[in-house]
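Please keep the sequence and structure in view while reading.

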Amino acid sequence: MYRGTMLTEDQLRTFSERGWVVQPDVFDPNSLGRYQEAFDEHIDGHSEARLQHDDIIRSIQFVVNFDVRFRDCLMAPQIIEENRQITGTELKYITSWIISRNPAPGRYEDRNALLAPDSQSWHRDLRPKWGIYPHDSDPRLINSVYNNSMVLLTDIGKDDGGTLMLDGSHRIEGSWQDLLGKCDVSQLTGSAGSVVYFSETLMHSGVAVLGERRRDVMFIAYGPPWFKTWYRSTVPDVVLADVSDELQRNILEGWDMFGYHGQHPAM
Ligand SMILES: O=C(O)CCC(=O)C(=O)O
């Protein structure tokens, strides 16, 4: 059983209030070097798995299918346990992807325009009413049904294209235009090796890199065992056969079992 670092009470409260939280120092430089090598090897391949591929953004989907190094990182015991804390259930894999973002070509002339809140690509894939529910025992906490874990491979300082979040929007229905008037805009910063957890009910957006460094991040999304696998993200049998860790295999496969875990909450 995992006995390492978990999200603290304060971090869980931050997640509950803002819809996202940063866990620093999950990975050390050695592990990050290994994951960065996998990232660099795969970011230009897999044309069938490309989400976007242009001069600024390169993004590849379902990376856990392609390399054990992606599974080692994105299914690390700490990430799994911390997802259990925020989801409040056993987990099922939903999808995974990686994104490399180059400095924006217009960053010297158009800084303000590139940062303007109303010109970002705000989105979320789940309505708050489908995604947020009470914690079993603490009324100040929430659980969220579908959460992203973003691993920072590179340091993300103020100008390095940290994801924009609409704080608190994970609990509020409405379009991004409505929410821009109601929620503060926050921009993520964090050091390489951190993991950022955010609910998929949180309105968020990628944003231009205004500094000189490429920004590399890796994502995995987990939900409960009754959740649908994301579009085209079913893990092929040939990959499952290669996964020796039983928990990882069950999470990737979706738990072929009678009923669900935790139907009867602990008293
Ligand atoms: O690249 C980012 O900062 C955000 C990415 C994102 O929102 C997404 O992949 O859904």
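**The largest pocket and its ligand**

The largest pocket holds about 760 Å³ of space; a pocket is an open set of points on a 1 Å grid over the protein atoms alone, where a 1.4 Å probe fits, with protein on both sides within 12 Å along at least five of seven lines. The ligand takes up the space of this largest pocket. The model is predicted, with local features requiring pLDDT of at least 70 and side-chain atom pairs pLDDT 80 or more, while totals for chains, interfaces and linings use all residues. Residues are numbered from 1 along each chain as its sequence is written, and side-chain values use heavy atoms, without hydrogens and water.

**Lining of the pocket**

- The lining (residues with an atom within 4 Å of a point) comprises 33 residues, and Leu51, Trp97, Ile99, His123 and His204 lie nearest the centre of the pocket.
- Strand 4 gives the largest share of this lining, five residues.

- Around the ligand (a heavy atom within 4 Å) are Trp97, Ile99, His123, Thr163, His204, Gly206, Arg215 and Phe219.
- Strand 4 (92-101) and strand 12 (215-223) are the elements that give two or more residues to this shell.

- A polar side-chain atom of Thr163 is 2.7 Å from a ligand oxygen atom, a polar contact being a pair of N or O atoms within 3.5 Å.
- For Arg215, a side-chain N or O atom lies 2.8 Å from an oxygen atom of the ligand.
- For His204, the corresponding distance to a ligand oxygen atom is 3.3 Å.

Technical notes:
A polar contact is a pair of N or O atoms within 3.5 Å; within protein, one must be able to donate a hydrogen and the other to accept it, and residues adjacent in sequence count only if both atoms are side-chain atoms. A molecule sits in a cavity or pocket if more than half of its atoms lie within 2 Å of its grid points. Helices (H or I, at least four residues) and strands (E, at least two) are DSSP runs, numbered from the N terminus. Grid points are joined across faces, edges and corners, and a volume is the space filled by probe spheres set on the points.
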